[in-house]
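The sequence and the coordinates come first, and the notes follow.

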Amino acid sequence: VEVRARYDGDIAARVLSMLQEQLCGQLTLSDITAALGYGKTYLSNVFKRVYGQSIMEYYMQLKIDEAKYLLRDGSMSVSQISDHLGFSSPQYFSKRFSKLVKMSPRQYAFSVREEWTTPD
């Protein structure tokens, strides 16, 4: 069991590395399986066992976390962030962001800027 866990961890880490390298692009499960030479079901099961989420859910979470960072930074518009992170449209980006963060990108940007400008 320990050897398998280590092996699973290595495979999952390779997937994670690909996700991080392609954060500003578009990566599909097919791209990942082709690059690593494993079947979709096998790779999906290993990743979920190690990280507790599907590969594509995890990838979306990484993108949204980066979007939150960029929104806090304030140097890019929602449209620019959407394009930068490889979303097909600003509307799709906003929909995915809202689903995971429970507020729109604009609401999020406003809320974090307010936190920083409110005196203690």
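The model is a predicted one. The chain is built from 7 helices and 0 strands, and its order along the sequence is α-α-α-α-α-α-α.

**Overall dimensions and contacts**

- Along the principal axes, the C-alpha atoms of the chain fill a box of roughly 55 × 35 × 20 Å.
- The chain has 120 residues, of which 33% count as buried.
- Among contacts in the chain with a separation of 6 or more, 59% are between residues 24 or more positions apart.

**Helix 2**

- Helix 2 spans residues 29–36, and its buried residues are Ile32, Thr33 and Leu36.
- Viewed down the axis of helix 2, these buried residues fall within an arc of 95°, so they line one face of the helix.
- An α-helix has 3.6 residues a turn, so residues three or four places apart point the same way.
- The packing partners of the buried residues of helix 2 are helix 1, helix 3 (40–51) and helix 4.
- Ala34 and Ala35 are exposed and lie on the face of helix 2 turned away from its buried side.

**Helix 1 against helix 3**

- Two packed helices are described by the angle between their axes and the distance between the axes.
- For helix 1 and helix 3, the angle is about 100° and the axes are 9 Å apart.
- Angles of 65 to 115 degrees count as roughly perpendicular, and helix 1 and helix 3 are therefore roughly perpendicular to each other.
- Helix 1 contributes Arg4, Tyr7, Asp8, Gly9, Ile11, Ala12, Ala13, Val15, Leu16 and Leu19 to this contact, while helix 3 contributes Tyr42, Leu43, Val46, Phe47, Arg49, Val50 and Tyr51.
- By class, the residues of the contact of helix 1 with helix 3 are 13 nonpolar, 1 polar and 3 charged.

**Helix 1 against helix 4**

- Helix 1 (residues 2–21) packs on helix 4 (residues 55–73) at an angle of about 40°, with the axes 10 Å apart.
- That angle makes helix 1 oblique to helix 4.
- The crossing of helix 1 with helix 4 is right-handed.
- On the helix 1 side, Val15, Leu16, Leu19 and Gln20 meet Ile55, Tyr58, Tyr59 and Leu62 of helix 4.
- The contact of helix 1 with helix 4 comprises 7 nonpolar residues, 1 polar residue and no charged ones.

**Aspartate 8**

- Aspartate 8 belongs to helix 1.
- Its relative accessible area is 4%; the cut-off for buried is under 20%, so aspartate 8 is buried.
- Leaving out residues up to four places away in sequence, aspartate 8 touches Tyr42, Val46, Arg49 and Val50.
- Those four residues are also listed on the helix 3 side of the contact between helix 1 and helix 3.

**Lysine 102**

- Where does lysine 102 lie? Lysine 102 is in the loop between helix 6 (90–101) and helix 7 (105–117).
- Most residues other than glycine have a negative phi.
- Lysine 102, a residue other than glycine, has a positive phi near 70°.
- Lysine 102 is exposed, with a relative accessible area of 69%.

How values were computed
Residues numbered from 1 in each chain as written. Predicted model: local features only at pLDDT ≥ 70, side-chain atom pairs only at ≥ 80, totals over all residues. Heavy atoms only, no water. Axes fitted to C-alpha atoms, helices over the stretch in contact; angles between N-to-C directions. Helix = DSSP H or I, 4+ residues; strand = E, 2+ residues; numbered from the N terminus. Parallel < 35°, antiparallel > 145°, perpendicular 65-115°, else oblique. Left-handed = near helix turned anticlockwise from the far one by under 90°. Contact = heavy atoms within 4.5 Å. Nonpolar A, V, L, I, M, F, W, Y, C, P; charged D, E, K, R; others polar. Buried < 20%, exposed > 50% of the residue type's maximum accessible area, 1.4 Å probe, protein only. Arc of directions from axis to C-beta.
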